[in-house]
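Trainee: I would like to go through some labels and see what backs each one.
Mentor: Good. Ask, and we will set values against cut-offs.

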Amino acid sequence: MAREVSKRRKAITTAAAGCVGFLMFFPILWIAILSLKSEGDAIRGPLEILSSNWTLESYGAVQERSNYLKHFTNSVAISFGSTFLGMLVAIPAAWAMAFVPGRRTKDVLMWMLSTKMLPPVGVLIPLYLIFRDTGLLDTRTGLVLVMMLINLPIMVWMLYTYFKEVPGEILEAARMDGATLRKELFYVLTPMALPGMASTVLLVIILAWNEAFWTLNLTAVKAAPLTAFIASYSSPEGLFYAKLSAASIVAIAPILLLGWISQKQLVRGLTFGAVK
Amino acid sequence: MATQHSRAAARLMISPAVILLLCWMLVPLGMTLYFSFLRYNLLMPGTESWNGWTNYYYFLTDPSFTDAIINTLLLVGGVLAITVVGGVLFALLLDQPMWGQGLIRVLVIAPFFVMPTVSALVWKNMFMNPVNGIFAHLANALGVAPLDFFARIPLASIIWIVSWQWLPFATLILLTSLQSLDQEQLEAAEMDGANWLRRFRFVMIPHLARPVTVVILIQTIFLLSIFAEILVTTNGGPGTATTNLTYLIYVQSLLQFDVGAGSAGGVIAIILANIVAIFLMRMIGKNLDA
């Protein structure tokens, strides 16, 4: 039963929360505005910026200057590729652990989680050397592998918690009705687990897209995704506010959309089921 | 209803994931451990030799190691303080009835999806730049001298940027947890005459204790490895003012090519992270039984 809340109180909380939301979002809003201004206008005072002319020239300049599309494709290839590969390995593992649990299932799960606790810098040198010697340095293949491995524990865990929620009775009923294992998989389990798998995919794509330790250390030019490309703006050359803003907006926009769609699942994925 | 047959099938399905993770963990970890006892510099190939504990001694007595540890603690502690306190306040506010709750929530969590290099560069240039940044314009409008953030208070500036990224995470988790709080419990407390403060103290705080712990532990794991934000803003400087442990190891190994000392640092970083990890694992493990 919802309690009665006075209109006035509701208006006050709405105003307060609106301020908080606006302040948190303001940096993103501000670069969206700057990206639509000319370089000369983008370094003026905030009020002058707002009243100056709007233009799309920065978006064109970013593509021309640094072949933006190449880095964008790299980001897509790395995040989608690693997620796809990872799911191929994680789905069977999570399926088996959820539906045919053994004595050591819990230990295996905890051990997988523990690999996620390894600080990346602890294995930076070996990985760098292995990549150097196998020619994987600055290749998409190399990064797809690393991203898949660092996100694999999250994938297994999230899928496991989702699969766990499928009631076992339904599977048994299907079996009683004479469903083979394959039928059980395709007609009973898959439809029920699909939402969970979809949100796992979303979360892992987001994590891979924003990962900035391995992408910065293992790429140079060829395979550099957007995280590394944006980092090249850290040494400014002349006026660059509008261009940096345009590059940033295109780099974060797709993931912002995915993130908003999957905000509920995010909690489960990032806390390994500890908070639902 | 697991048969012998399905057990074997299950093992077969789990093994690719286990084998991959096992290789991912053991091979590089073993190499780091091995390198940490070698005199090994990438600029002098072929001169590797056994070095005993020298790398550890060298790394631990280096004054920049002490700086890095202090900076790491300040960075992690500062961000945790801001995000936990802010997160509790934001979550309590967003949990109240209001119009447009969905939209406001979306705005609050947006920073979490911004990649680290973007948020660091945007704050550094568009906000904290002493000439063209918004803060400088504000200061000028108020008639105060603008602050050169990354020269005067570099570490605090980085703490600020990282907090902006992680505040949404804390808010989202605490809000999710508040929404699962049984409304009837709160109403019962209210009927018993508990005012807002007492309801907060005796019902909400005990309920939030667990998610707050989870937030602290998970964030600590990630915050110990902050790297990109430092790389694109200060490069660890001025001096070692913003060098954390992760960044120091990066400098040792990939900029000074000293694999031995870098690896010794890596082993130390792993040990530190594990201390936190043990507590986190215990909490999650308990949840698995429930």
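Trainee: How many aromatic pairs does a search of the whole structure find over all chains?
Mentor: The model is predicted. The search finds 35 aromatic pairs over all chains.

Trainee: What makes B:Phe37 and B:Tyr56 a tilted pair?
Mentor: Their ring centres are 5.4 Å apart, and pairing needs centres within 6.5 Å.

Trainee: Where in chain B do B:Phe37 and B:Tyr56 lie?
Mentor: B:Phe37 is in the loop between helix H1 (4-35) and strand S1 (38-39). B:Tyr56 is in helix H2 (residues 54-61), 19 residues apart from B:Phe37.

Trainee: Why does B:Phe37 count as buried?
Mentor: Its relative accessibility is 17%. Buried means under 20%, so B:Phe37 qualifies. B:Tyr56, at 9%, is buried too.

Trainee: Why is the pair of B:Phe135 and B:Phe149 called tilted?
Mentor: The centres are 5.5 Å apart and the planes stand at 45°, so the label is tilted. B:Phe135 sits in helix H6 (residues 134-142) of chain B and B:Phe149 in helix H7 (residues 149-152), so the pair ties together parts 14 residues apart in sequence.

Trainee: Is B:Phe135 buried, partly exposed or exposed?
Mentor: B:Phe135 has 26% relative accessibility. That value falls between 20% and 50%, so B:Phe135 is partly exposed. B:Phe149 has 14%, so B:Phe149 is buried.

Trainee: Which aromatic cluster includes B:Phe135 and B:Phe149?
Mentor: One that also includes A:Phe22, A:Phe26, A:Trp30 and B:Trp123, among others.

Key. Residues are numbered from 1 along each chain as its sequence is written. Chains are lettered from A and ligands numbered from 1 in the order in which they are written. This is a predicted model: local features need pLDDT of at least 70, side-chain atom pairs count only at pLDDT 80 or more; totals for chains, interfaces and linings use all residues. Side-chain values use heavy atoms; hydrogens and water are left out. Rings of Phe, Tyr and Trp (its six-membered ring) pair if their centres lie within 6.5 Å; planes under 30 degrees apart count as stacked, over 60 as edge-to-face and the rest as tilted. Helices (H or I, at least four residues) and strands (E, at least two) are DSSP runs, numbered from the N terminus. Buried means under 20% relative accessible area, exposed over 50%, partly exposed in between (1.4 Å probe, protein chains only).
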